[in-house]
Amino acid sequence: MLAGGKSALMAALIGRMYYLQVVESDRYKTLADENRINLRLLAPRRGRIVDRFGVPIADNQQNYRALLISENTRDIEYTLDVLGRIISISPAERRRTVRDVKRNRSFVPVTIRENLDWEDVSRIEVNAPDLPGIFIDVGQSRNYSYGADTAHVLGYVAAVSPKELTGDPLLELPGFRIGKAGVEKVHDTALRGSGGSSQVEVNAFGRVIRELSRTEGQPGTEVVLTLDLGLQQFITRRLEGHSASVVVLDVLEGEVLAMVSTPGYDPNAFNRGLKSEEWKDLISNPMAPLINKSIAGRYSPGSTFKMAVLLAALEKGVIAPDNQVFCRGYVELGDFKFHCWKKHGHGLVDAKMAITQSCDVYFYEIAKRTGIDRISAMANRLGLGVLSGIDLPGERSGLMPTKKWKRGALDQPWHQGETLHAGIGQGYVLTTPLQLAVMTAHLANGGVEITPKLTRLVNASVGDGTTNGADEKKSLGIPAAHLKLVQEAMAEVVNNPVFGTAKKSRIKEPGMEMAGKTGTVQVRRITKTERDAGVIKNKDLPWKERDHALFVGFAPVHEPRYAISVVVEHGGGGSSVAAPIAHDVLLVAQRRNSAATGVGTIVQTEPTARKSPEKVAKG
Amino acid sequence: MSQEGLNTPDLTLRQKLWQVHWLFIMLLCVAAGVGLAMLYSAANGDMQPWASRQFARFCIGLLVMIAIALIDIRIWMRYAYVFYVITLGLLVVVELAGTIGMGAQRWLNLGYFNLQPSELMKIALVLALARYFHGGSIEDVGRPTYLIIPLVMIALPAALVLRQPDLGTTLLLVMASGAIFFTAGVRLWKFAIVLIAGIGGMPVAWQFMREYQKQRVLTFLNPESDPLGAGYHIIQSKIALGSGGLFGKGFMQGTQGHLRFLPEMQTDFIFTMLAEEFGMVGGVGLLGLYALIMIYGFAMMLRCRNQFGRLVGAGITTTFFLYVFINIAMVMGLIPVVGVPLPLISYGGTAMMTLLIGFGLLLSVWVHRDVMIGRRGGDEV
């Protein structure tokens, strides 16, 4: 009886064992593995960004951190005291360290300080015997060596926001950074690479016992830009103090050799994490340092628009190059008077002279004859008022008004007076500095369509890159004679010693002469009383009410290679402020031979396999 | 060995040694060997800190066991009550001046070693009850009043042990006593009454339970309710068992144990570790070994020609069985965690010693199976 009861109980035990170890075994096996195996992601190294000559402009810096493992030290406070005598530890850092030590298990490393300099690192290493539990760890952090000079083009990296999570577990790694703007954003996936993983066995307390397997990730791809860093830096220095944009294009390839928007900002600060006052300063600054004015600033093109108007008129045949228009300082349309910038008029002007002297009356006249729709169509063909398609995020299209547009957008009929305003690049017409540069490149290269681009090469690995570009050349269909006339007129603007509006900015070096067109854009309405009393000088106005200074140009005149657009917000006159900047930049660009080197010559690791920049420069 | 003036034609020491059940001792050694192997594994392949000490204890225990086996059964019978009273006194001392450990007051620090009187009581109670029922006839046992004294004999130590508090040992004492009552001839319906009364008394008992005991019962009923707290032991133990599967992960390859997910793997949860590393095959194998030990225990008991020996045998084998059952059922999540070690395998000196003393008595019963003892302890002709 007693034995029977015991046998029954023993059978129950075996039954239970069978249930757990055979029937439910698979479930528990999974649970056991979940217990012990942790998958740890290994962050890949972010790809570098280099300029066209291979100079790294965004790379990864060794970030030395002082870490503390509390179980290896007997007295945390004492150890921190000793460390505090060797390197400086702020009270806040100390508090955070002590707090983190309490929150984590004793074998989890806690960061005491980041971004140590070499001196601190060596001091800690030397004193290591006195600092139990403290060790130095090397991480990677993004570094932009040229800071604000390249900020708007490169963009920046920063911590992933919840909205940006795509399910890629890499993004969920603590401390992982992704591209938030500029090239960093456009090529984020390539730059990021792919994460590796490490399977580790952990015990019940989370301590790593051993690594079970490891898959190395693919480091990020190197991105080669079309930018010439030297030119970019020169322009940044030249624009100091201005709220301005300069874009330099290679007129043949459409490559962006320089794109500067000032003032800039320090992209490293975004990576590090901005303090709230820093952020407030950035967004409340009237010069809008965060905006890339080159692609997102919209300005009336002013007189730099006149080439487009002339080409539209010539194409429609409403005027021949030799036809003259008499300028007496104004034209009348109905009850309105449209003034020329020169109060007493230019007298008789033909097409070339109208550009050279920037006669408004001539353009009022031909704009009236051509009509707004044709002017806008020509402007669009030249690249104005349409997205250029550059490989940067945040580009804006500007605006080329048409009758249909006004009917749709404002529900109003088009007035002929508005055509006249458009004829001198004012009114509804809005363009970006990049578009002005593209237009100028089109004028300079003989009407071959280009798309501006910033990326030359995305190097998957050495020698195995994908080239960006080498697309077919397409003509804009503008008669060569018309373009020749415009080019000659633009050459006169700078080089005509008597009439040229930018004659003071002539490039004297033989073979490097430039051509161009000035533009001065009113940002306020000039009333009749003011006009009668005499227009107030720019320097007497508050900054916000001063004219925008513009200049578009190309060089060298006879074999154009570089196109430039200069926009200085509230800078004053196009000829007095913008043209000298263009002079300096185009001179430097030609001296540096910024457009030299063929695609893909920059890979430093394999210098013999391709032509070096010097060789090409000579040839 | 001394015969203390008993005048039966006794066996010589050599004859007694010959009579000792060596096959049974060999089974015990095999079980202890399995235990040492598991302790070696629990220490990640090291004799320290557990296996070597456990080995020493087992060797000493083995000698003590054989010595006890050779002592005449009648001496044990004569001193049964004395032994019981002394142990009961020790329990009172523990209550007043014991060392507190693991949330309970169980130990007496004797300088050299720690004594756990509740362990001694497991033996003492069996001896005392056997002594009491030895003198009773069938009619005596049938009278309810006859059962009052043995019930008090159980109730006193049970109450003291429960106060420590040690629910596991209390249950062992009560259930082993039940087996002796049954062997002595107490009717089944009387057990049924006690059982019903017990169930009825449960709400009352609940009131007197310590917080951690209540927690253990609640956790047993639903371990997943508190996976990181009290339910952790049971869940991790089941994971370890289940993941071991039919053939196990291999000696020293158990992940749950070696990575410390399994708590107290060298003591209460050592069966889990064994079943993780050797699978169901290993677990059933160990149960088979225990079953063999129990079968031999029963066989020895049944061959005994005196009532005292039979009762002692029943008490000892039942205690052994209860250890095995409660421990294994506990680690498999069949009953709440009560903290009972796995006999001969779990690390721990006191439990090992108690067990081997018990088996020593069982062997003594076997060696002296043909000794006739009178109703009052004298010889029967």
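How many of the 11 residues of helix α15 (residues 360-370) of chain A are buried? Nine are, and the helix is mostly covered. A buried residue has 20 or more other C-beta atoms within 10 Å of its own, an exposed one 12 or fewer, and a partly exposed one falls in between; C-beta atoms are placed from the backbone. This is a predicted model, where local features need pLDDT of at least 70, side-chain atom pairs count only at pLDDT 80 or more, and totals for chains, interfaces and linings use all residues. Residues are numbered from 1 along each chain as its sequence is written, while chains are lettered from A and ligands numbered from 1 in the order in which they are written.

**Confidence**
- The predictor assigns the complex an ipTM of 0.80 and a pTM of 0.66.
- Chain B has a mean pLDDT (the predictor's confidence in each residue, from 0 to 100) of 83, and 88% of its residues reach 70 or more.
- Residues 1-7 of chain B have pLDDT below 50.
- Where pLDDT is low, predicted coordinates should not be read in detail.

**Where the chains meet**
- 27 residues of chain A are in contact (C-beta atoms, placed from the backbone, within 7 Å) with 33 residues of chain B.
- On the chain A side, α1(A) gives the most, with 13 residues.
- That side has 16 nonpolar, four polar and seven charged residues. Ala, Val, Leu, Ile, Met, Phe, Trp, Tyr, Cys and Pro count as nonpolar, Asp, Glu, Lys and Arg as charged, and the others, Gly among them, as polar.

**Helices**
- Helices (H or I, at least four residues) and strands (E, at least two) are DSSP runs, numbered from the N terminus.
- The buried residues of α15(A) include D360(A), Y362(A) and E365(A).
- Just after α15(A), G371(A) takes a positive phi of about 90°.
- In chain B, the contact of α15(B) with α16(B) involves residues including G309(B) and I316(B) of α15(B) and L355(B) and G358(B) of α16(B).
- The residues of this contact are eight nonpolar, four polar and no charged.

**Backbone features in chain A**
- Most residues other than glycine have a negative phi, and most peptide bonds are trans.
- The T262(A) to P263(A) bond is cis, with omega near -10°; P263(A) sits in the loop between β12 and α10.
- The A555(A) to P556(A) bond is also cis, with P556(A) in the loop between β22 and β23.
- A288(A) has a positive phi of about 45° and is partly exposed, with 17 C-beta neighbours inside 10 Å.
- H570(A) has a positive phi near 50° and is buried, with 22 other C-beta atoms within 10 Å.

Methods: Contact = placed C-beta atoms within 7 Å.
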